[in-house]
Amino acid sequence: MILRTVGLGRQVAMGEQPLVILDDINLAINAGESLAIVGPSGSGKSTLLGLLAGLDVPSCGEVWLDGQSLFSLDEEGRAALRARAVGFVFQNFQLLPGLTALENVALPLELAGRGDALDRAAHWLGLVGLTARRRHYPAQLSGGEQQRVALARAFAGDPRVLFADEPTGNLDARTGAAVIDLLFDLNARAGTTLVLVTHDAVLAARCGRQVELADGRMCGVRKAGGDATQGNAGRQSVSIRPEVMEPGAATSQEPAGA
Ligand SMILES: Nc1ncnc2c1ncn2[C@@H]1O[C@H](COP(=O)(O)OP(=O)(O)OP(=O)(O)O)[C@@H](O)[C@H]1O
Ligand SMILES: [Mg+2]
């Protein structure tokens, strides 16, 4: 199991009553899985992604990433674990404007002390079809090209888990479809676990599992193709309390796929 949460919650102080953003999130993700986090705007998806990646700290609960309890580490320890195990694609890409595409991809590799940073960055830019654009600065790239640079940057460090927040959110349908293909192709090549936040039904449907959030709570889980497997017997391992399951969502009662 690559990622597990127990009782994960996040609240912020707002006036007299705390505002509950996430409540009692329990999920388990096996290595190599692809998981979509879906739900309405404001349901807590980005907050959850940030907690899973150790970019933010919860009010309660714990995340184990690659066997390590995230919040027993200090920020420096989490940063080291992120550098070793995590790739993150931000919705707004967060490329550094003063660096070229190549330098943006190479920088985290250089910070991690890899001697082959530039070669490796060039290799991954090639895989995303941007060799001809490697010396361009972000402002000289289209949105889809910037998204592909961000994907190359996230994959180049050989992450165990790739988190992507609405990786097709700002793309037209055609570029979005190309990015989705790219994501799953790179996922297959690198064997990386995918955890994606998306409003895009096509992207969500490509994932092995969809977890739905509403008002900060897990309210449903759905398996691709309806081939749900039993609890520990297969790759499905979401723990979700039966009383909050939505009718029709895949449950542990659903028969195993033939
Ligand atoms: N630091 C904060 N202080 C107060 N409220 C916050 C804070 N961070 C998030 N929220 C609130 O928590 C809720 C969940 O936010 P989040 O960004 O996780 O939603 P989301 O599901 O990603 O939405 P979207 O689909 O619009 O991106 C929102 O109502 C947001 O306003
Ligand atoms: Mg969001």
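Predicted model: local features only at pLDDT ≥ 70, side-chain atom pairs only at ≥ 80, totals over all residues.
Ligand 1 is surrounded by Val12, Leu19, Ile21, Gly39, Ser41, Gly42, Ser43, Gly44, Lys45, Ser46 and Thr47. Two elements, strand S2 (17–29) and helix H1 (45–52), each supply at least two residues of this shell, and the largest share, 3 residues, comes from H1. Helix H1 also lies across strand S3 (34–38), strand S7 (161–165), strand S8 (193–197) and strand S9, running at about 150° to S8.

Strand S2, which contributes to the ligand shell, also belongs to an open sheet of 4 strands, in which the order is S2-S1-S4-S5 and the pairing is antiparallel. The edges of this sheet are formed by S2 and strand S5 (68–69), each of which pairs on one side only. Strand S4 (residues 60–65) and S5 run antiparallel and are joined by 2 bridges, with Gln68 in S5 as the bridge partner of Leu65.

A further open sheet consists of 6 strands in the order S6-S7-S8-S3-S9-S10, and its pairing is mixed. Strand S6 (86–89) and strand S10 (217–223) stand at the edges with a single partner strand each, so that one side of each is left without a neighbour in the sheet. From one strand to the next, the twist of this sheet averages 15°. Strand S9 (residues 209–214) pairs with S10 in the antiparallel sense over 6 bridges, and Gln210 stands opposite Arg222 in S10.

Turning to the helices, two packed helices are described by the angle between their axes and the distance between the axes. Helix H3 (residues 101–111) and helix H5 (residues 143–156) pack at an angle of about 25°, with their axes 9 Å apart. Since angles under 35 degrees count as roughly parallel, H3 and H5 are therefore roughly parallel to each other, and their crossing is right-handed. The contact is made by Ala101, Asn104, Val105, Pro108 and Leu109 of H3 together with Val149, Ala152, Arg153 and Ala156 of H5; by class, the residues of this contact divide into 7 nonpolar, 1 polar and 1 charged.

Helix H5 also packs with helix H6 (residues 173–190), the axes of the two coming within 11 Å and crossing at roughly 10°, and H5 and H6 are therefore likewise roughly parallel to each other. On the H5 side, Gly144, Gln147, Arg148, Leu151 and Phe155 take part, and these residues meet Thr175, Val179, Leu182, Leu183, Leu186 and Ala190 in H6. The contact of H5 with H6 comprises 7 nonpolar, 3 polar and 1 charged residues.

A further contact of H5 is with helix H4 (residues 117–127), where the axes come within 9 Å and cross at roughly 130°, which makes H4 oblique to H5. The crossing in which H4 passes H5 is right-handed. Arg120, Ala121, Trp124 and Leu125 of H4 make this contact with Ala152, Phe155 and Ala156 of H5, and the residues involved comprise 6 nonpolar, no polar and 1 charged.

Notes. Residues numbered from 1 in each chain as written. Chains lettered and ligands numbered in written order. Axes fitted to C-alpha atoms, helices over the stretch in contact; angles between N-to-C directions. Parallel < 35°, antiparallel > 145°, perpendicular 65-115°, else oblique. Left-handed = near helix turned anticlockwise from the far one by under 90°. Contact = placed C-beta atoms within 7 Å. Nonpolar A, V, L, I, M, F, W, Y, C, P; charged D, E, K, R; others polar. Near = placed C-beta within 6 Å. Pairing = 2+ DSSP bridges.
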